[in-house]
Amino acid sequence: MRLRPYEWLIIAYYTYVAALAPIFIKEGETRWLGAAVAAIVTAILFGLTRFYKPLRDWVPLAFTLGAYREMNWFTPSVRDHHLEHAWIGWDRWLLDTAHLRAAVESLGPLLPSYLEICYVLVYAIALISALILLFNHRRDRLDIFWFAFLAGTLTSYALFPYFPSDPPRVVFAGSDLPHIVTVFRRFNLAILGQYGILSSVFPSAHVSSAFACAWALLIAMPDRKRYGFVVAVYAFSVAIATIYGRYHFTTDALAGFTISFFAFSATLLPSRRVY
């Protein structure tokens, strides 16, 4: 019946959301739904310690998705966009004055396509990183990896209710957009239109989760740091993609990068044994 450290982290996060919901959600059944979800998540995790144990290596993927969807409960009915107007100055300096947009588009659609592909691959980077560990015969380090990934990702989600905001492409529609529109950008916009949440864009969980995977691989495989460095380069590309593509503000990306260092808390785990 012993839970792994990252499973305790999942329970702590869902319990936190259950406690937060009645504060931010003033009416409706949703404000109490978090408690039921937290109870179900706890029951599932304890149940997996006795049955279907192989699933324990992969449940973080499902519970991360669930945590993401829960954040839609915190979408405010009205907001004044004062945060976005405070943040846009940094973006315009970076895109126009520092010529980031021109640099990205200097080779035509090549770099914009690369950045958009990086952006969409965020949804799979945790799975890819975990498979890297397995292919290198490091299943015993999955505990460290998942704790680091979840610490970097769930911390971003946990802050969404405090910073209600919309992406720059929505608040400043028609402004500061890429000059080159690729098929990959259309694909990303379609995904966001169908499955994105509307509560907040600060901090950028895309950035924090990608960098968290990089730090986790560096921690879990210190003798094969090339994997962690490659994912770190990828994560940096994701950060640029969020700004260039107007999916996030520069402030969001910087906050996500900062939060990703929670991944280093994985080094404090008392045990690296897989139960």
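Reader: How do the residues of the lining of the largest pocket divide into nonpolar, polar and charged?

Author: The model is a predicted one. In the lining of its largest pocket, 24 residues are nonpolar, 9 polar and 4 charged. The lining comprises 37 residues, and Tyr68, Val122, Tyr123, Tyr157 and His206 lie nearest the centre of the pocket. The space within amounts to about 770 Å³.

Reader: Which helix supplies the largest share of the lining of the largest pocket?

Author: That helix is H6, with 7 residues. At least two lining residues come from each of H3 (59–70), H6 (110–135), H7, H8 (168–171), H9 (183–195) and H10 (205–220).

Reader: Why is H1 called roughly parallel to H7?

Author: The axes of H1 (residues 5–24) and H7 (residues 142–159) cross at roughly 15 degrees and come within 9 Å. Angles under 35 degrees count as roughly parallel, and therefore H1 is described as roughly parallel to H7. The crossing of the two helices is left-handed.

Reader: What makes H6 oblique to H11?

Author: H6 and H11 (residues 225–244) pack at an angle of about 140 degrees, their axes being 8 Å apart. Roughly antiparallel requires an angle over 145 degrees, and roughly perpendicular covers 65 to 115. The pair is therefore classed as oblique. The crossing of H6 and H11 is left-handed. On the H6 side the contact includes Pro112, Tyr114, Leu115 and Val122, and on the H11 side it includes Tyr227, Val231, Ser237 and Thr242. By class, this contact has 16 nonpolar, 2 polar and no charged residues.

Reader: How do you know that the peptide bond from phenylalanine 202 to proline 203 is cis?

Author: Omega for this bond is near -5 degrees, and the bond is cis. Proline 203 is located in the loop between H9 and H10.

Reader: What is the phi of histidine 81, and where is histidine 81 found?

Author: Histidine 81 has a positive phi of about 60 degrees although it is not a glycine. Histidine 81 lies in the loop between H3 and H4 (82–97).

Note on methods: Residues are numbered from 1 along each chain as its sequence is written. This is a predicted model: local features need pLDDT of at least 70, side-chain atom pairs count only at pLDDT 80 or more; totals for chains, interfaces and linings use all residues. Side-chain values use heavy atoms; hydrogens and water are left out. Axes are lines fitted to C-alpha atoms, for helices over the stretch in contact, and angles run from 0 to 180 degrees between N-to-C directions. Helices (H or I, at least four residues) and strands (E, at least two) are DSSP runs, numbered from the N terminus. A crossing is left-handed if the near helix is turned anticlockwise from the far one by less than a right angle, and right-handed if clockwise. On a 1 Å grid over the protein atoms alone, a cavity is a set of points where a 1.4 Å probe fits but cannot get out, and a pocket is an open set with protein on both sides within 12 Å along at least five of seven lines; lining residues have an atom within 4 Å of a point. Grid points are joined across faces, edges and corners, and a volume is the space filled by probe spheres set on the points. Ala, Val, Leu, Ile, Met, Phe, Trp, Tyr, Cys and Pro count as nonpolar, Asp, Glu, Lys and Arg as charged, and the others, Gly among them, as polar. Contact means heavy atoms within 4.5 Å.
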